[in-house]
Amino acid sequence: MAPNLQTDVDMLLGRVEQPISLLAGKLFVHDLPFLLDVPPNVVVSPFSSICNSKVADRTGCFLGFDTATSESRHIASLGKLKDIKFASIFRFKVWWTTHWVGNNGSDMEIETQFLLLDTPSKAASQNLAPHPYVLLLPIIEGQFRASLQPGEDDSVDVCVESCSDKVRGSSFRSCVYVHAGANPFDLMKDAMRAVRWHLGTFRLLEEKTPPGIINKFGWCTWDAFYLTVKPEGVWEGVERLVEGGCPPGLLLIDDGWQSISHDDDPSKEAMALTVAGDQMPCRLTRFQENYKFSSYVGGTLPKKHQPDNDTDVAEPRSEAQGGMGAFVRDLKSEFPNLEFVYVWHALCGYWGGVRPGTTTLPAEILTPSLSPGLLSTMKDLAVDKIVDNGIGLVPPERAHDMYEAMHSYLARAGIDGVKVDVIHVLELLCQELGGRVELNKAYFEGLSASVRKHFNGNGVIASMEHGSDFVYLGTDQISVGRVGDDFWPCSDPNDPNGLDPNDTYWLQGCHMVHCAFNSLWMGQVMQPDWDMFQTTHPCAEFHAASRAISGGPIYVSDKVGQHDFALLKRLVLPDGSILRCRHYALPARSCLFNDPLHNGETMLKIWNLNKYSGVVGAFNCQGGGWNKEERSNMCFSQFSKRVRSTICTKDVEWYQVSDPMVVVEGVEEFAVYFFRAQKLCLIGPTDEIPVELDPFQFELFTIVPVKMMPRGIRFAAVGLVNMLNTGGAVESVRCWGGRATVEVRGCGEMLAYASPKPTLCKLNGVEVDFVYGIDDGTVRIEVPWNGGSNTILEYVF
């Protein structure tokens with residue numbers, strides 16, 4: 001049972017139930033002020049006075065304000081933040097968010113989605129008793145959506161906007177939720193629970209069942225083909241992976257399968273698009289697949305030598321004879337490990353929406369308009385194209401019908417789910433449609449209803465969705481979402497000329513930091529998806545290590561036949577399943593308020609949990625990130641240098657799962673396995689292991705409590721050392737008398753720590769050879785593949 005840390009702090013300090021108060025123009029957490037010079041129009045309301053839910057919340061409250069005029073957009077100061085470290089998430093693009101730290105209100109960024117204050121450190125610096133952290137969440141109030149931003153003289157400002165001149169307001173009581181807690185991870189969880197019950201428009205991840213894809217290895221067609229994807233290539237891609245011993249359980253057919261036309265020739269199906277970006281001015285013309293997939297003949301192998309320049313449009317076949325349905329059936333029949341086939345589509349149908357007059361649904365081309373906040377974000381090709389060409393929008397009252405038409409057809413074709421992209425576009429289109437909240441609600445409700453009906457209630461991957469509109473309005477059904485921006489290919493990092501600021505090599509670290517810190521917030525409502533990567537990429541192992549312990553799906557976008565199978569087999573078991581952690585990876589507490597991208601010092605440390613171990617990943621991501629002045633991500637090669645840190649057992653938040661199988665209280669010794677160094681050491685509960693990493697290098701540490709058995713025997717089951725998530729292979733551990741039994745999933749070299757040396761070891765009841773390391777107490781047993789069944793190892797002392 002996890003200790004209630006908040007209760008412990010309250011008992012220690014003898015505090016009243018409500019830790020947040022407004023006194024004499026200051027917002028306090030207990031006796032520590034965290035916002036100064038709070039304007040008189042700011043109103044603080046207890047949770048119970050705003051939310052009628054039966055859920056009692058004694059640590060949270062709402063902030064609001066009054067204004068003299070009724071407008072569609074207001075900016076109001078909440079007070080000044082002075083000399084308190086903060087960690088935050090802000091939108092650096094329309095679609096994507098990232099981590100940002102500072103000490104004062106002026107250090108903040110526009111479009112901040114949450115603000116976490118390091119009030120414990122501030123209290124300690126003033127010799128005060130222990131204080132909890134404080135979290136500010138700008139949320140939805142009525143028809144307005146809130147965000148935080150810097151104001152004058154270190155003010156923390158709240159921006160509330162409807163994005164429609166027809167939707168105005170002057171009085172707000174719950175646009176920001178404030179919560180306090182001693183553990184920052186519990187704090188985020190408890191705050192999001194309170195907001196969930198207050199709004200009633202979304203559900204938490206703990207209330208949902210993610211789709212089976214999160215336990216499978218997958219292949220995505222995007223970087224393999226971009227827009228030129230066709231059945232022949234898809235078939236060969238799956239076949240090559242199967243032949244290499246890494247059968248995909250998930251196939252994601254990305255952009256390039258839909259029926260679209262370009263504005264330059266709207267009556268003709270777009271067939272010659274080959275470069276990513278060319279598709280963005282196109283619009284959907286029908287809900288069925290395009291000529292490349294509709295011409296597929298069922299029951300036959302694809303034509304492997306079809307000329308690339310063949311653009312003749314074949315007559316569509318019936319669903320029974322051919323087309324997408326026949327192709328999916330043939331794939332699943334030929335490759336039995338392939339359980340899930342997903343396809344891509346945009347929230348509005350396609351990048352440019354639906355072309356008016358081409359389907360049974362009405363559509364109107366609307367001109368997007370960016371809010372002042374979004375105008376300050378990074379320049380983006382997709383946004384530029386969308387603004388220039390407009391979106392063909394199906395009216396919100398018909399959004400249900402659009403998803404029904406699209407998804408019912410796909411479900412009949414055997415498609416198991418969809419990746420929904422370009423999600424944060426509706427706020428650009430809502431001027432005449434009731435504002436951003438109502439328009440988003442209509443579309444998200446339509447999508448949710450269709451997913452419930454056609455895709456088992458959970459068959460969705462959300463993408464380009466890093467904004468609070470989606471998090472608070474669109475996640476009732478969706479339980480998997482991208483938490484980083486796109487994976488970017490790049491050149492060789494071993495170039496003797498060093499890091500090229502015009503290349504994208506430095507973006508690899510950015511991607512990892514995006515994923516880790518965005519998961520703090522988004523992981524409360526969705527299983528974080530760290531995106532695909534390519535195994536032949538210069539940073540392939542760097543990416544693979546993070547995906548291995550991310551807790552989310554693992555899929556690649558390798559070009560056909562271009563695979564590093566040695567690396568893949570550290571991620572994928574022979575049946576296409578993966579060793580997935582029990583939680584989702586999060587940044588270690590020690591780096592929450594530091595900058596792992598461009599201070600030249602901080603190492604990104606992420607932690608996760610397996611059934612019988614913790615895991616810490618250490619990554620040197622320094623070398624690039626957000627430039628506040630240039631309003632863009634940029635290379636900071638001057639910070640790309642060797643960094644130092646330490647690893648300890650406290651880097652793992654052992655009780656962040658509801659039913660922890662690992663008990664660390666009272667444990668005096670831990671076994672720690674270094675994946676890359678291939679060594680094991682023993683440490684005490686407060687010991688620290690020094691670690692140094694060169695730029696874009698990593699190490700994975702599997703941390704296992706050592707069990708004390710009778711006769712002074714010590715034992716720890718570490719896991720399969722050939723797998724990146726070593727400890728994920730251990731399914732159960734039982735120690736009794738002079739024996740230890742370990743259930744192992746997978747194959748390869750199983751490592752355990754034992755003192756003394758076992759007298760014998762058994763594998764599935766049969767005595768087996770083992771190697772014992774006298775110097776380090778390691779016990780190594782080779783475990784063969786057991787056809788997907790677990791292997792039972794017995795250590796006898």
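At what angle do helix 11 (residues 399-412) and helix 12 (residues 435-454) pack, and how far apart are their axes? The first legend gives the answer.

The views show a predicted model, in which local features need pLDDT of at least 70 and side-chain atom pairs count only at pLDDT 80 or more, while totals for chains, interfaces and linings use all residues. Residues are numbered from 1 along each chain as its sequence is written, and side-chain values use heavy atoms, with hydrogens and water left out.

**View A. Packing of helix 11 against helix 12.** The two helices pack at an angle of about 25°, and their axes are 8 Å apart. Helix 11 is therefore roughly parallel to helix 12. Their crossing is right-handed. Helices (H or I, at least four residues) and strands (E, at least two) are DSSP runs, numbered from the N terminus. Axes are lines fitted to C-alpha atoms, for helices over the stretch in contact, and angles run from 0 to 180 degrees between N-to-C directions. Angles under 35 degrees count as roughly parallel, over 145 as roughly antiparallel, 65 to 115 as roughly perpendicular and the rest as oblique. A crossing is right-handed if the near helix is turned clockwise from the far one by less than a right angle, and left-handed if anticlockwise.

**View B. Packing of helix 6 against helix 8.** Helix 6 (residues 231-243) meets helix 8 (residues 323-334) at an angle of about 15°, with the axes 11 Å apart. This makes helix 6 roughly parallel to helix 8. Helix 6 passes helix 8 in a right-handed crossing.

View C. Methionine 750 has isoleucine 781 of strand 45 as its bridge partner.

**View D. The cis peptide bond at proline 756.** The bond from serine 755 to proline 756 is cis, with omega near 10°. Proline 756 is found in the loop between strand 41 and strand 42 (760-763).

View E. Strand 2 (residues 26-29) pairs with strand 3 in the antiparallel sense over three bridges. In strand 3, proline 33 is the bridge partner of phenylalanine 28.

**View F. Glutamate 111 and its positive phi.** Phi of glutamate 111, a residue other than glycine, is near 65°. Glutamate 111 lies in the loop between strand 8 (97-102) and strand 9 (112-117). Most residues other than glycine have a negative phi, and most peptide bonds are trans.

Terms used:
Pairing = 2+ DSSP bridges.
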